[in-house]
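This report walks through one protein model.

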Amino acid sequence: MKIIKNGRLISSEKMRKADIAIHNNKISEISENISPKDEDEVYDASGCFVFPGFIDGHTHFDMDTGTAHTADDFVSGTKAAVIGGTTTIVDFATQEKGQSLKEAYDIWMKKAKDKSSCNYRFHMAITDWNDRVKEEISKMPELGVTSFKMYMAYDNLISNDAEILACLQKIKEIDGVLGVHCENGTLINELTKEKIAAGETSPSAHPASRPDYVEAEAINRLAYISTLAGHPVNIVHLSSFAGLNEIRNARKRNQTITVETCPQYLLLDDHYYDLNHFEGAKYVISPPLRKVEDNKALIQAIVDREIDTIATDHCSFNFKKDKELGKEDFRKIPNGAPGVEHRPQLIYTYLVEEGYIDVMRMCELMATNPAKRYGMYPDKGILEVGSDADIVIFSPDYEGVITWSKQIQNVDYTPYEGFKIKGQAKTVFVNGECVVQDGTIVKENQGTYVLGPR
Ligand SMILES: [Zn+2]
């Protein structure tokens with residue numbers, strides 16, 4: 001057995017001093033004082049928080065855009081996850097036009113299987129809605145897929161309102177989750193044409209072509225589609241105050257709606273697009289970075305429990321070669337940025353240490369709620385007897401600075417370069433195996449596919 005002693009155990013509701021015993025891949029005992037036997041391995045968590053392993057409900061590993069390929073695959077992406085204390089990621093298996101959902105699932109499973117250092121599960125991104133796909137949805141839970149995604153933007157991914165409605169009605173039958181990328185793609189295309197016609201080709205034209213009301217409009221429209229279907233939706237990567245207001249309006253109408261945001265929409269703002277030497281391309285993501293006021297509004301929304309989960313939308317492209325594809329034309333810059341490695345440290349440093357939230361709320365946003373929303377609770381997202389032994393011993397004392405040269409993410413920059421951080425995942429367990437010790441990976445490839453709740 002492995003025994004974690006002297007830690008402060010965190011759940012979404014409380015913090016308490018207790019020891020944890022791990023037998024095989026499960027938590028076998030939690031009590032105030034567990035006495036180790038000679039053969040037991042003991043891990044000291046004095047002065048540390050002990051969290052259920054963090055879950056990142058939004059990553060894109062090993063993904064191709066047609067012109068660029070993500071810098072991180074499941075090997076490097078899940079190593080980066082685990083060193084930060086993220087023990088499960090939910091990646092987007094993405095259907096290509098003409099493909100069945102099962103084909104897309106098989107392709108993504110092949111990308112991840114036997115290569116992952118943290119656990120993994122998939123949302124199914126639907127890009128080609130048709131009767132065959134509709135029938136397939138009922139079979140997806142058997143494969144462990146209970147959450148789906150549609151896009152309201154990007155010409156190659158977009159679904160129209162009728163398709164979203166039909167999909168949501170079908171998902172309602174299996175009590176699944178539909179996450180939606182909320183930006184009005186038609187308006188973005190028009191605004192983009194205007195920018196190009198005006199000779200604006202630099203990264204700063206990117207946010208200008210996708211203003212906050214483009215997100216707000218899509219959220220509002222989706223909320224009404226959700227009303228029509230009689231089934232809740234999940235707003236992924238909320239970026240703006242304007243979008244938040246539409247969620248508030250929907251909730252005033254008594255709608256259930258869940259909301260995800262990401263550290264970049266809390267800690268980074270649109271001044272980065274004006275950096276010299278094309279550096280702004282590093283921040284070309286969609287939705288784009290907003291104003292400082294938006295950052296503040298979203299942090300307050302986290303405090304006020306209007307936001308349910310914090311993920312990363314990790315989608316890394318190298319600055320050299322990949323981002324540089326758009327040097328003369330911002331439309332050609334692949335959209336996305338890395339983040340999976342640093343989310344727990346960033347949230348701990350800038351939300352917990354700054355006094356906005358406590359560690360229980362951090363646990364709820366980054367472990368408990370994603371586990372519940374994406375069909376993994378109570379195997380994951382909570383420390384209790386019988387749960388999976390995915391555990392993070394988090395030291396609040398560590399101090400450091402984020403820099404790309406030290407990161408595990410296989411990409412040539414980080415949008416958080418130079419950010420001071422406090423706290424570190426000191427020891428991490430995945431499926432009962434100790435995979436990180438003293439902030440260093442000691443065992444790779446321990447991740448398994450998360451089929452579903454017990
Ligand atoms: Zn995404």
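The zinc ion has three named protein donors: His 58 (NE2), His 60 (NE2) and Asp 313 (OD), at 2.1 to 2.2 Å. Donors here are N, O and S atoms within 2.8 Å of the metal (3.2 Å for Na, K and Ca); water is not among the atoms, so sites may look incomplete. Along the chain, the donors of the zinc ion are spaced H-x1-H-x252-D. Both His 58 and His 60 are buried. Buried means under 20% relative accessible area, exposed means over 50%, and partly exposed is in between, using a 1.4 Å probe and protein chains only.

The model is predicted: local features need pLDDT of at least 70, side-chain atom pairs count only at pLDDT 80 or more, and totals for chains, interfaces and linings use all residues. Residues are numbered from 1 along each chain as its sequence is written, and side-chain values use heavy atoms, with hydrogens and water left out.

Helices (H or I, at least four residues) and strands (E, at least two) are DSSP runs, numbered from the N terminus. Helix 8 covers residues 241–252. Its 12 residues should span 16 Å at 1.5 Å a residue, and its end C-alpha atoms are 16 Å apart, which agrees. The expected span is 1.5 Å times one less than the number of residues.

Which residues of helix 8 are buried? They are Ala 242, Gly 243, Leu 244, Glu 246, Ile 247 and Ala 250. Their cover includes helix 7 (212–229), strand 11 (233–235), strand 12 (257–261) and helix 10 (292–303). After helix 8 comes Asn 254, with a positive phi near 70°.

Two packed helices are described by the angle between their axes and the distance between the axes. Helix 7 and helix 8 pack at about 20°, with axes 7 Å apart. That makes helix 7 roughly parallel to helix 8. Angles under 35 degrees count as roughly parallel, over 145 as roughly antiparallel, 65 to 115 as roughly perpendicular and the rest as oblique. Axes are lines fitted to C-alpha atoms, for helices over the stretch in contact, and angles run from 0 to 180 degrees between N-to-C directions.

From helix 7, Asp 212, Glu 215, Ala 216, Ile 219, Asn 220 and Ala 223 meet Ala 242, Gly 243, Glu 246, Ile 247 and Ala 250 of helix 8. Contact means heavy atoms within 4.5 Å.

**A loop residue**

Ser 204 sits in the loop between helix 5 (185–197) and helix 6 (205–208). Ser 204 is partly exposed, at 29% relative accessible area. Leaving out residues up to four places away in sequence, Ser 204 touches Tyr 273 and Asp 274. The C-alpha atoms of Ser 204 and His 271 are 9.0 Å apart, though 67 residues separate the two along the chain.

**Backbone details**

| Cis peptide bond | Omega |
|---|---|
| Ser 286 to Pro 287 | near -5° |
| Tyr 377 to Pro 378 | about 0° |

Pro 287 is in the loop between helix 9 (264–267) and helix 10. Pro 378 is in the loop between helix 12 (359–373) and strand 14 (391–401).

Asn 6, a residue other than glycine, has a positive phi near 70°. Asn 6 lies in strand 1 (residues 2–10) and is partly exposed at 35% relative accessibility. Phi of Asn 24 is positive too, near 50°. Asn 24 is in the loop between strand 2 (15–23) and strand 3 (26–31). Is Asn 24 buried or exposed? Asn 24 is exposed, with 60% relative accessible area.
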